[in-house]
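Colleague: I have a structure open and would like to talk it through. Can you start with the terms and then take my questions as they come?

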Amino acid sequence: MAKKVVVEATINGEQTEFLCEPRQSLLEALRDVLELTGSKEGCLTGDCGACTVIVDGRPLCSCLMLGVEAQGKTVETVEGLAKPDSLHVLQQKFLEHASLQCGICTPGFLMSAKALLDHNPKPTEGEIRYALAGNLCRCTGYDKIVRAVADAAQTLASGTGQGRGGRLGSGPSASEQTERFLQGQEVK
Amino acid sequence: MAASADGQGYRVIGTRPIRHDGIDKVTGRAKYGADYSFPGMLYGKVLRSPYAHANIKSIKTDKAAALPGVKAVVTADDLPALADKMEQAGEQAINLSQLSANILARGKTLYDGHAVAAVAATSPHIADEALRLIEVDYEVLPPVMSVEDAMKPGAPILLPGLRNKDEGPEKQTNVATHLQFKRGDIEEGFKAADHVVEREFKTAMVHQGYIEPHNAVGIYNADGHATIYCSTQGSFVVRSLSAAVLGMPEGNIKVVPAEIGGGFGGKTTIYLEPLSVLLSKKTGHPVKLTMTRAEVLRASGPTSGSTIRCKMGCTKDGKLVAAQIWMAYEAGAFPGSPVGAGAMTIVAPYNIPNLLVDAYDVVVNRPKTAAYRAPGASNAAMASETVIDELADKCGVDPCDFRIMNGAKEGTPQTAGPPYRRIGFIDTVEAIKSSPHYKSKLEGRNRGRGVGSGFWFNVGLQSSAIVNLHTDGTASLVIGSVDIGGTRAAQAMIAAEVLGLDVNDVRPLVTDTDSIGHTDVTGGSRTAFATGWAVYEAAQDTVRQLKERAAKLWEKKPEEVAFSNGQFTAQGDGVKPMTVKELAGRLARTGGPISGRATVNARGVGPAFATTVVDVEVDPDTGKVEILRATVAQDVGKAIHPSYVEGQMQGGTAQGIGWALNEEYFYDDKGILRNSGLLDYRMPTCLDLPLIETCIVEVPTPGHPLGIRGVGEVSIVPPPAAVANAIAHAVGVRMTELPMSPPRLLKAMLSRRGGAESQAAAAGR
Amino acid sequence: MHAINYESPRTVDEAVKLLAAHGEQARPLCGGTDLIIQLRAGVRRPEHVVDVKNIQEMRRIEFSIQRGLRLGAAVPCIEIYENGDMRKYYPGLTEAAHLIGSLQIQSRASVGGNLCNGSPAADTTPALIALGAKCRVVGPAGERLVPVEDFCTAPGRTVLQPSELLVEFQIPSPARNSSDAYLRFIPRNEMDIAVVGVGAAVTLDLNDDRISEARIGLAAVGPTPIFAREASQSLAGKRINDEAIERAAQLAIAATSPIDDMRGTAEFRRHITGVLTRRTLAKAIERARISPTSR
C-alpha cells in the first residue's frame, strides 16, 4: 500500500493541509478526509456533475482528479459559498425559485453556476444551459434551476449584492415567470 | 383569516415560502446517507455475478478474508433461510425468500450484477481489492432476456418452483401471473366500430435515474439491537424487511432516514441495509455500504420493458367503443412487475363500454424490477395514447376534443374497483386546450405537436404526526414521511394554517422509526394526501387541547371556546382573546405541555390525471428529436406549496421525455449490461429540455379536509406518447418502439420515404 | 482502486526517465478523464501514475502565421477554446475541443490525452487529421514525428511504446483561404461520445471558386480514427458544387467500417457519415471564404 501524501491546498479560502493516499480522488479527500460532505458522488465517471468543485477558477469533476493533484491549488466547494450571515445570491435564488427537490445535485449545480457567472456575468438561457449541461438533475427538469441562475445573474448585475437570510413571501407563479422569461423580460 | 388570491381564504396554504430544510441543502450541510460517518466505521462492498444466469457451485472467501484490512466476508449462508411468504413493501407485495435471494444469491444467480458476497474492510479501496480475491465457481446457463423468449415453449427456466394458475401446478414456467380484466362484450364492441387501429409496441427497460446511489450504514450493538442510517423512501419498510431478512425482531431495528437524493419508487425496497447490519454484527464496527453507479444500474430495480398489443375502435364521430390489450412486462429475476397497474391504467381516462385486457408478469434474466413513478402506466399509455391519436386523426377530430368527448367523469366505471368519484381528467384536457402553448401556432418544417394523457390511482395508506407546542408559541411537527421533494415544507404549511401560526414558526422534523408512529412510504403520491391528513388532524387535536386550556382560564366549557384567525375567543365580559402564542406561555399552569397527535389509514384516495402537450422538431437526416416546448396540466386537488407541485409536474415530464427519446438498457447476447453508466444510459441534460410550463388544476378530492390529490407520479405517464404523437405529426411516422432514438426514427423515416418513392415510381412519376 | 504511486515531473526528460524506469507499470496522467475511470474499473493497473500537467513544454499554445501551431499535448480543452488564435485560425479543432464533454470535462481533458486513449471516437482526432497534424513523440532513444492519422493502431492502442511520451502537436500554418470545421452526431445535445465525428479542412482557390485541397477525418466509424484519403483527394481542384460534395460524402462512407453497438448501428453510422461529411464540408467552405488568412 502506497504511503499517504501530505497535500497543501487552499480550500474555501483557508490554507489547509491534509493526508491522503495517491489513489484517493479529490472527492474522497474532501468527503472522507476533510469531512466536507457537500460535494456528492453520483457516478464516478464525470457524467453527472454532482461532485463539481472549482479548482483554480475552473469547474471540474472532483471524482476525476486525484487528491494529490490539489497540491498548491485553490479549491472552492459548496461549503465556501455562503458568508457566516448571508447566502450567496445563487443559493438564495435556488431557494426562492424552488430549484431543488431532493437537493443532491444542488451543490454541483451551485458550483457550476458560480463558475459560469464568474466568467460570464450576463449569460443567455442557452449559455446557462450549456454551462450546466454537465450537471444532471432527475427531479426538477431543470426549469427552476435555469430561472434561478438567470435571476441571480440579473441580481448580481444590478448590484443588489448578497442574498438575504431566507424568509420570503409569495413569488410569481410559474406561468407568469414563463411568459416573462420567454419574452426576454427579467425573471423576478 | 385574510382572503388569499385563490379565494379560498387560506393564509398559508397556496403560498410559496422557502422550504425549512432549504438552507442546509444549499450549503452542503444536509446529511444524505453516504455523508454519515462514525468512529471506527468500516466500508463494505458487494461482489456481483458477471453472468446473466448461472448456478453457484462454490464460493471461496479465505483469500479475501486474509487480505490485511479486511474484517469480514459474508454470503447467503450467513442469512437465515426464509420460507416463501408475501409482505407489503411500498406499493408492491414482496416474497421474502426471493427478497433475501436478491440481497445475496442463494444457489443461483439470475442477472448480471446479482449480489453474491459482501466484505467489510478498513477502506473502500481495500474492500474493492478484496472482492477480486473471492473465488466463485459458476456453472453458466443460457440467458433469457425478453418476454417473448421467456414465454416460448422450452425456454430455460429461471425459478424452478414458479407456477401460474393457467399452466397448472406441474408446469415449470417463466410466467408468474396472468391477469384479465373485462367489461361489456369485446366482439360486439368492435363490430360497432367504424375505425379500428391495432398496433404492437415494445418499450425498453429504463431506470429511475436518481442521482444518489443506494447507501446504508449499519450499527449492530452487542445487545442485539441495530440502527440503520440510510437514504430510503420508507424507513418502516426498511425496518420490517431488514428484520425479516436478518431474522431479527422488528422492534430491535431502528431506521434513521437520512436525506434522500431521489427515489422515484426505486428506494422503496432494500438492497444494502441488511448487509450493513450483518457486516456490523460480524465485525463489531459500524459498516457503511454504498453502490457505485454501475451497481445501481446493474443491480437495483429498474422498471419493466414490455410488449403491448393494443387494439381500439371508435365510431366515425370519434366515440370510443372497444379496447383490447395484450401486455407482457419484464418482472426481472423475480416475479412482481407492475403489469397489473399497467392493465388497470391503460385507457383509464376514458369511458369505453367494451374492454378486454390480458396482462402477463414474466421473469427474465434482468434485475428484479422496482417501482418507477406510476409503475407500469407509462408503458401502457405509450400504447393506448398513440392508438387514440391515430383514431382521432382518422376521424378528423382534434386530440383534445377527442379526449373531452370520451373522457371519464364522476360515475364512469374503472377497470377495477368502484366508479370514479369527482375527478379532474377533462379539466386537465381543457387546461391544455386553453393554454398559451396549445393556442400558439407551430410553424416550420419537420415540426409537430402531440398530446398525451395519463392516469394514476395514487394511494392512501398509513401515516402518523405529532405536533409539539413550545412555550414560545412555536411548534415542532414530527412526521415519518421522508422528504424527497419539499413535502416537509408542505406539512409545516398545513400545520401552520390550522394553528394560525406563521409558517416559519412550525419546524418540521422527519424522524426515525422509534420516534414516530408507523408511516408508510413516501411514494404512491401519498405524502401530501395521507401525511397531510394526519398533520391536519394532529394540528386540530392541538387546537382542541388548547381550547380546553383557554376554557380553564376563562372558566368556560371547551365547547364555548371558538378558534379562528389565530385567536381563541369566547362570549362574555372579561374574556380577552388569546393567540396560540399567548396561550402557549400558560400551559404549565393549566395542565402541562401540549402535544397534538393523529394517525390515519387514509381512505377515499383521489386519483390523478395529467395531460401533456409537446412540440418537437425532427432532423430528417439524422432522426434526432428536439423538444421545442412542453406544457403539462395536472389535477392536484389542492396545491399546498405550488412551487413544489410545479416541480413534481416538471420532473415527471422530464423523465417521461428521457423515456421517450434515449433511455434504455442495452444487454448483449450473453445478457451482460453494456451501458451501466450515465455516459451511455442517456438521461436528459439541461441542454436537452426547454422550460416546462405547468397548469395546476384543482378539483378537490371529496372527503379530504383540504381536498388534496397526490401529485408526485402521474406527470410521467403522458410524455412518451405525447412525443410519439408529435413526431407523427412532424414527419408522418408512427413509432411503436421506445425509446425513439435517432437510429430507430431515422430507419422509420427512410422506410417511409423509400416506400413513398417506390409508390411514386410505380405511379410512373 | 489498487494502490498507486504518484509522481509529478517538471520536464519532458524527467517524465521520459520515469516512464522508461517503470515501463508497463507506469502510465502518464493528464486530465484523468479517461485514466482515472480505467484505474477504478481495474482495466489498467499500473503501479505508477506520472502526472504530465506540470511540464511547461506540454502546456503551451504557440502560434504564429509563419510557423503555424505547436499545441502542447497536455493543454486542457478549455484553454484551447479560450485562446483567440485557436478560435480564429483553427475553429474546427477548437470546436472539437469544446464538444468533448461538459465544461467540467473540458477543464481537465486534453487533446493529447484524447488521442493517447486510442478511442476511435475521440472528438479532436478527426480535426487534427484534417489539419495534417503531426505528433511529436519523445522517448529514451530520441524523438519522432508521427502523422496523427497513423497514431492509433486499434481500439485503445497507439504507436506509443511504454517509455514514450506524446509531447505536442505540430500543425501547419493555415494556408490562404483555408479553414476547418468539426461536427459530430450524438443523441443528446451534450455529454455523449460521438456516434460519428467528421473533421474537414479545406483550402479554396477563390478566383475560380474551387477547392484546391481538402482533408477529411472521421471518428467512431472504424477501429481507429480514419483519414478519408480518397474522399479528400476527390475534392482537389474541384469546383465547389453539390456534385463534388456528394461524391466526397459517398467516398467518406466507403472509407468506414462501422460496427453495431449501443450507440448506433453500422447502417446508421454509414448514413450519418454521409450527412455529416456534407455538413462539415459546407461549414469549412463557408468559413474558408471569409477566413482571416484571406487577403
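Modeller: A helix here is a DSSP run of H or I with at least four residues, a strand is a DSSP run of E with at least two, and both are numbered from the N terminus. The model is predicted, so local features need pLDDT of at least 70 and side-chain atom pairs count only at pLDDT 80 or more, while totals for chains, interfaces and linings use all residues. Residues are numbered from 1 along each chain as its sequence is written, and chains are lettered from A and ligands numbered from 1 in the order in which they are written.

Colleague: Where is B:Pro739?

Modeller: B:Pro739 sits in the loop between β29 (737-738) and α21 (742-762) of chain B. The peptide bond leading from B:Leu738 into B:Pro739 is cis, with omega near -5°.

Colleague: Staying with chain B, how many helices and strands are there?

Modeller: Chain B has 21 helices and 29 strands. Along the principal axes, the C-alpha atoms of chain B fill a box of roughly 100 × 70 × 50 Å.

Colleague: And what percentage of the residues in chain B is buried?

Modeller: Buried residues are 63% of the 765 in chain B. A residue is buried if 20 or more other C-beta atoms lie within 10 Å of its own, exposed if 12 or fewer, and partly exposed in between, with C-beta atoms placed from the backbone.

Colleague: What about contacts along the chain? How far apart in position are the residues?

Modeller: Of the contacts in chain B with a separation of 6 or more, 80% are between residues 24 or more positions apart. Two residues are in contact if their C-beta atoms, placed from the backbone, lie within 7 Å.

Colleague: How is chain C divided?

Modeller: Chain C has domain 1 (58-171) and domain 2 (182-289), with bounds that come from an automatic or database domain assignment. The C-alpha centres of these two domains of chain C lie 20 Å apart. Their contact takes 23 residues from domain 1 of chain C and 24 residues from domain 2 of chain C. On the domain 1 side, α5 (91-99), α8 (124-130) and β8 (152-154) of chain C each supply at least two residues. That side of domain 1 of chain C has 14 nonpolar, 6 polar and 3 charged residues.

Colleague: Now the sheet in chain C. What is the strand order?

Modeller: The order is β4-β5-β10-β6-β7 of chain C, an open sheet of 5 strands with antiparallel pairing. Two strands pair if DSSP finds at least two bridges between them. At the edges are β4 (61-64) and β7 (142-147) of chain C, each with a single partner strand, so one side of each has no neighbour in the sheet. The twist averages 20° from one strand to the next.

Colleague: How many bridges join β6 and β10 of chain C?

Modeller: 5 bridges join β6 (residues 134-139) and β10 (residues 165-171) of chain C, which run antiparallel. C:Arg136 stands opposite C:Glu168 in β10 of chain C. Helix α1 (residues 12-22) of chain C lies across β6 and β10 of chain C and runs at about 135° to β10 of chain C. Axes are lines fitted to C-alpha atoms, for helices over the stretch in contact, and angles run from 0 to 180 degrees between N-to-C directions.

How values were computed
Ala, Val, Leu, Ile, Met, Phe, Trp, Tyr, Cys and Pro count as nonpolar, Asp, Glu, Lys and Arg as charged, and the others, Gly among them, as polar.
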